[in-house]
Every structure is written in C-alpha cells, then in structure tokens.
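User: Hi! I'm new to reading protein structures. Could you walk me through a few features, one at a time?

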Amino acid sequence: MTLTKKIVLLPGDGIGPEIVAEAVKVLEAVDAKYKLKLKFEQELIGGAAIDQHGVPLANTTLDKCRAADAVLMGSVGGPKWDTLDSSIRPEKGLLKIRYELGLFANLRPALLYPQLADASSLKRELVAGLDILIVRELTGGIYFGEPRGIRRLDNGERQGYNTYVYSEHEIERIGRVAFDMAMKRDKRVCSVDKANVLEATVLWREVMQSLSADYPEVELSHMYVDNAAMQLVRAPKQFDVIVTGNMFGDILSDTAAMLTGSIGMLPSASLGKDGRGLYEPVHGSAPDIAGQGIANPLATILSAAMMLRYSLGEAEAANAIEAAVGKVLDQGLRSADIYSDGMQRVSTVEMGDAVVAAL
Ligand code: IPM
Ligand code: MG
C-alpha cells in the first residue's frame, strides 16, 4: 500500500503562479503514470501572503508545510512590496520557512543542457558539458547572525551591522552533505571561504579539513571566494561540488546559473536532516514579465523532479521528468529566455504541455 504524499504548493508572486501551475500539470501526469498518490494543497507566501494576512508567511501556512512531505515553491517579491519595512518584506517569508523547517542544505546544480550551449555568455568550449553542484549553507551565517540591525551612534550617525557566525556543527553538517553528494559524482569538493580575512571562515576551513578524513576517496580543495568568482567565469569546468556559506553561496550560485545560458532552467532543493525539503527554481519572481504567459516553467518543473527524488523517494518518476525536458529541448521548443534563431518560440503553458506530452 502506498500512502498519500502531501505536497504544499506556494506559488508566491510574479511569475510564481504561472510556473507552479505547469509543474503541477507535469506532476499530475507522472502521478497518473507511476501511481504516486500525490495530494496538493495550495497556500500563500511572500507578497501574496502580505496582501492577505499582513505577513509574508502565516504560522498556519508554516504548520501545513511542517506536516507535508514536501513543499514546492514558485518565487517571492516584486516592486509592490519593495517599500515595506524590512521586517515584513516578501523575502522574509522565504527566509522564515527555510529557518523554521531547518532546511540547512541548499543544492543548486548548474547543469548545461547541450541543446543550450550557445545561450551561455561564455564560449561554447568553456561550458560544454558543465555540471557543477553548489551546496550552499542556508540557515546560518550572516543571513541569520545576531546581533543585527541599524543603530544610532552617540554622534547621531546611523550604523548598519550584521554578524557573520558559524558554529562547528553547522559547518560539519553542510560539509557532510557536500561530501556525500561528491561520492555520487566526480568525488571532488571545493570549499569556498574567505579564510584570509574572516575568522568564521578560518573555522569553516578547519572543519572541512578534518571532515575530509571521513571521505578518503574525495579530493578536497579550498578556494577564497574572490578567486572562486573569477574561476567560475574563467574555467568553470574545473569544479565538481562547491560547498560554501549562505552569502557566498547566494552570490556564486547566480554566477554559476548564468553560465548555463539561462537562470530559467535551474532548479534547487533545500533539505533538512530528515529528508524534508522545499523545492524552488533558482530564478526570482520576474515581475516585469508576470502575467504575460512567457515565463520559462522548466526550472520549476525540474524542481518538481528533484522533489520526487530527494523527498518522495520516486527516482524513476524524477528521471522521467528530466528526460522529458531534454526531449522538449531536442524538439527545438524554447521559451523567450532561451530562444535563438531557428527554434520554435512557445509560451509558459505550451512548454508545460510539451513536457507532459513528452512523458
Ligand atoms: C535566493 C534569493 C534569496 C536569498 C532572497 C530572495 C532572500 O536570492 O534564494 O538565492 O538571498 O537567499
Ligand atoms: Mg540569490
């Protein structure tokens, strides 16, 4: 007997609702084929939640996510909420759900589909075959460190401050995720830090170093973040798994994403210790194109595949979705963000339909 698998959908803002709808369509199709017994429940996050509840993530929503097997999110934010006080901005909803669900490990693959090699801003030979996995720590570091705020100094001037802090157990658990992932890949981990300046990352480097004793087969290297940023655009194929803290991971994952031609193609998984996870595209809410039906749903569809693999134990269905996406690209179908001459331009809905058909 298979139990029902509960999935909370958080479409969010901007293009979020359009792309999540396509991912649901694809999930329903694999559900019919593989008898997954998926059950969906839709809730609000971000600006949509602020409009409805006055907060970017209501506690009732959080409770539903806690009780679910997985969460599939669209994106949050938009100009409408940009002027709100920083304590209730849409992004706070995302940070809160990551923190409250203990989703400390953010997996951001930067995988180049051969069909899209010419969409990259780098030369084809630099990116052909690119397959990097960025493992970003997601519930610590300067994003959550205390004290933080904006204070008034004695001389009347205001001062903004944040705290960059990492404890050994936080470094160790994200390190283990990176090493475990590397064991299933090319067995190379590059730990990115700023150990020439920041003590928190001196400790980071030490913990990674001692952890590597448990993984004799994995080759560990260290790189300063400024150099890593340069290497990513100079010779990106040198990397297999990159593990780094919250802020560096935020920045480097956008860079890595662009190497693949379109941030519209990249999925992500945010995992806790018990397999619970939140899945979302790496890209944002793209308010400039929201409602026009031209957003690329593939990153969200691929996030749904990651969800099947990592939280629901349905690797076969996940593989089927990923293969279907490859097929659709082979057919020459392209949303606006990945369009090039000679290809067939399709809408958000047409892209979703094509993936379903390819299944
Ligand atoms: C991301 C985003 C978020 C982050 C924002 C929206 C809070 O940039 O997921 O990379 O900084 O983590
Ligand atoms: Mg980011």
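**Reading burial and salt bridges**

Analyst: Let's start with aspartate 186, which counts as partly exposed at 47% relative accessibility. Buried means under 20% relative accessible area, exposed over 50%, and partly exposed in between (1.4 Å probe, protein chains only). This is a predicted model, where local features need pLDDT of at least 70, side-chain atom pairs count only at pLDDT 80 or more, and totals for chains, interfaces and linings use all residues. Residues are numbered from 1 along each chain as its sequence is written, chains are lettered from A and ligands numbered from 1 in the order in which they are written, and side-chain values use heavy atoms, leaving out hydrogens and water.

User: Which residue meets aspartate 186 in a salt bridge?

Analyst: A salt bridge is a side-chain nitrogen of Lys or Arg within 4 Å of a carboxyl oxygen of Asp or Glu. Here the partner is arginine 188, at 3.1 Å from N to O. Arginine 188 is partly exposed, with a relative accessible area of 23%.

User: How many salt bridges does a search of the whole structure find?

Analyst: The search gives 22. One network of salt bridges links Glu22, Lys25 and Asp353.

User: Is serine 268 buried or exposed?

Analyst: Serine 268 has a relative accessible area of 0%, so it is buried. Contact means heavy atoms within 4.5 Å. Leaving aside neighbours within four places in sequence, serine 268 is in contact with residues including Asn106, Tyr279 and Met306.
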